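Please view the sequence and the structure together while reading.

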Amino acid sequence: MLADGTIAPGWSLDGLPVCIDSSSQSNRDIAPDGSGGAYISWEDWRNYATSKADIYLQRITASGQVVAGWPDGGRVVCQAPGEQRLARVAPDGVGGVYVVWQDYRRDLGNEIINDIYAQHVTPEGTIASGWPADGLPVSVEAGSRLVPIPIPDGSGGVFVGWVDFRSSESDIYATRIGADGSIATGWTINGSPVCTVHSPQGNHVMVADGEGGVIVAWQDARAT
């Protein structure tokens with residue numbers, strides 16, 4: 001939609017088909033690409049027989065076209081065994097995008113652990129240098145992790161926050177990842193604790209502080 005509420009040139013009244021594969025697509029997210037277009041992520045079930053739910057991504061121009069070099073139907077971001085769910089995207093500040101998600105590839109036999117993984121995709125739709133094909137493990141500690149949220153760090157990297165169950169109750173953890181996939185200096189591997197007080201924490205939100213840091217807020221049951 002344009003500023004005056006009209007449909008932008010090149011876009012149809014009832015919307016642009018981003019992915020119309022015969023399987024199901026769900027849980028989409030969207031982020032600006034820095035050039036007037038957008039990145040759109042989703043869970044995709046087209047390869048359920050071999051890898052269950054996967055994460056796909058598409059880049060769309062301001063005129064409603066798939067960006068040259070990006071495949072129709074989306075680019076696969078992660079196709080690891082087990083399900084990948086709840087993908088969220090954040091721009092990297094230089095035309096690319098970060099994608100984070102809940103990942104169920106770690107099967108312990110009697111329990112499937114929810115981990116957090118991330119991927120860095122370039123404007124051309126390729127995996128950024130230094131990043132593994134099926135994603136970088138952000139946190140693979142004991143217990144499960146849920147609801148990852150990415151926020152640009154203003155320096156080409158990304159902050160990621162999540163709800164963490166490595167203790168007996170839910171806590172809030174976060175990390176900062178550089179453009180090359182390295183954990184930023186001072187941050188702990190598998191996540192630094194934001195709040196681990198003895199009570200459940202959840203429903204977190206995050207915003208950049210404008211000075212290279214991040215502010216995290218959450219729902220907290222310590223007073224109940």
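A salt bridge is counted here when a side-chain nitrogen of Lys or Arg lies within 4 Å of a carboxyl oxygen of Asp or Glu. The model to which this rule is applied is a predicted one, and by this rule the count comes to 11 salt bridges. Side chains of opposite charge can pair when their charged atoms come close.

| Pair | Distance |
|---|---|
| Asp44 and Arg46 | 2.8 Å |
| Asp115 and Arg106 | 2.8 Å |
| Arg222 and Asp220 | 2.9 Å |

Salt bridges with shared partners link Arg106 and Asp115 with Arg145, Asp164 and Arg166 in one network. In the pair of Arg222 and Asp220, the acidic residue Asp220 is partly exposed, with a relative accessibility of 26%.

**Charge over the whole chain**

The protein chain carries 13 positive and 26 negative charges, and the mean positions of these two sets are 3 Å apart.

**Fold and dimensions**

The secondary structure of the protein chain consists of 1 helix and 14 strands. Along its principal axes, the C-alpha trace spans about 55 × 45 × 40 Å. How does the radius of gyration of the protein chain relate to that of a compact globule with 224 residues? Such a globule would have a radius of gyration near 17 Å, and the 18 Å of the protein chain agrees with this.

**Burial, contacts and surface**

Of the 224 residues, 45% count as buried, and, among the contacts with a separation of 6 or more, 44% are accounted for by residues 24 or more positions apart. The accessible surface of the protein chain comes to about 10700 Å², and carbon and sulfur atoms make up 55% of that area.

Notes:
Residues are numbered from 1 along each chain as its sequence is written. This is a predicted model: local features need pLDDT of at least 70, side-chain atom pairs count only at pLDDT 80 or more; totals for chains, interfaces and linings use all residues. Side-chain values use heavy atoms; hydrogens and water are left out. Helices (H or I, at least four residues) and strands (E, at least two) are DSSP runs, numbered from the N terminus. The radius of gyration is taken over C-alpha atoms; the globule rule is 2.2 Å times the number of residues to the power 0.38. Buried means under 20% relative accessible area, exposed over 50%, partly exposed in between (1.4 Å probe, protein chains only). Contact means heavy atoms within 4.5 Å. Accessible areas come from the Shrake-Rupley method with a 1.4 Å probe; for residues, only the protein chains shown count as cover. Lys and Arg count as positive and Asp and Glu as negative; His and the chain ends are not counted. The place of a charge is taken as NZ of Lys, CZ of Arg, CG of Asp or CD of Glu.
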